[in-house]
Amino acid sequence: MTIRVLVWGENRHEQVEPHVAEIYPDGMHSTIAAGISDNLGAEVSVSTTTLDEPEHGLTEEVLARTDVLVWWGHAAHGEVDDAVVERVYQHVLSGMGLVVLHSGHWSKIFGKLMGTSCTLRWRSERDRELVWTVNPTHPIAQGVPHPIIIEQQEMYGEFFDIPVPDELIFVSSFSGGEVFRSGCTFRRGHGKIFYFSPGDQDYPVYHHKDVRKVIANGVAWVNTDLPERKVPTLLRYETEDFFNGHGYTGPIEAESHEERADA
């Protein structure tokens, strides 16, 4: 079946910084979307949306028909409405794939899914980045050169405050000597997540054919093969009814001492 991909872009730098608009005249989200389409062809149907759309373009109706969400944000993480973040979060738990790019590490949705600060070291001095494949058997690494050479890029360095990844696929080294876990996967609920760091707004990284290949591979990998996506329901099993679970939405409220005495 065709993978329905939605590329979400903040689309702010392109509007106010001429050098970014020159690199990405149609917005980074459009360039990222084109790279996915170029690599996956008829396997995907790719659309885009941006921060300034109503509900950031992430309504319940839109997410319900999205198999994979690709996220790029940087300067306006705080403007993303918490209700929309919760909506995206629930869809990831129920099976929607998520690809988080570059400075999306500080997005509300990535932080909520990781449960850590997601901070890191950084420097933007036109470093050369080498992206080394450390898990060549992984589907995301297929058809990707070892290493990917990015002549100019913003440096991201360790320590990167994320949980231990389920899988580490790429590690980057920079001309300043730093290293970074640049390609990681995670699973949350029924959803799969791929974080990939190359791609600052000041450099034409999303035009790089090998970076585009990795992102496309990531989209294909995070797409779930579950026949039906559904938000998990918590079930409680009691001694008297051990084989039939009962749904509930949160922990049971503790009874007071007086209530237990009355019982």
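## Arg212 and its surroundings

Leaving aside neighbours within four places in sequence, Arg212 is in contact (heavy atoms within 4.5 Å) with Thr31, Ala34, Gly35, Asp38, Asn39, Tyr206 and His207. The model is a predicted one, in which local features need pLDDT of at least 70 and side-chain atom pairs count only at pLDDT 80 or more, while totals for chains, interfaces and linings use all residues. Residues are numbered from 1 along each chain as its sequence is written, and side-chain values use heavy atoms, with hydrogens and water left out.

Arg212 lies in helix α7, residues 209-222; helices (H or I, at least four residues) and strands (E, at least two) are DSSP runs numbered from the N terminus. With a relative accessible area of 14%, Arg212 is buried, where buried means under 20% relative accessible area, exposed over 50% and partly exposed in between, for a 1.4 Å probe and protein chains only. The side chains of Arg212 and Asp38 are joined by a polar contact of 2.9 Å, a term for a pair of N or O atoms within 3.5 Å; within protein, one must be able to donate a hydrogen and the other to accept it, and residues adjacent in sequence count only if both atoms are side-chain atoms.

## Helix α5

Helix α5 covers residues 82-93, and its 12 residues reach 16 Å from the first C-alpha to the last, close to the 16 Å expected at 1.5 Å a residue, the expected span being 1.5 Å times one less than the number of residues. At the start of α5, a side-chain oxygen of Asp81 reaches to within 2.8 Å of the backbone nitrogen of Ala83, and the helix is followed by Gly95, whose phi is positive, near 125°.

The buried residues of α5 include Val84, Arg87 and His91, and the buried residues of this helix pack against α4, β3, β4, α6, β8 and β9.

Strand β7 (residues 167-174) pairs in the antiparallel sense with β5 (residues 121-133) over five bridges, and Thr133 has Phe170 of β7 as its bridge partner; two strands pair if DSSP finds at least two bridges between them. Antiparallel pairing over five bridges also links β7 to β8, residues 179-188, with Leu168 bridged to Cys184. β7 and β8 form a hairpin with four residues between them, and Gly177 in the turn has a positive phi of about 105°.

## The cysteines

With a disulfide taken as a pair of cysteine sulfur atoms within 2.5 Å, the count comes to zero. Cys118 is in no disulfide, and the nearest cysteine sulfur, that of Cys184, is 11 Å away, which is too far for a bond. Cys118 counts as buried at 0% relative accessibility, and Cys184 counts as buried at 0% too.
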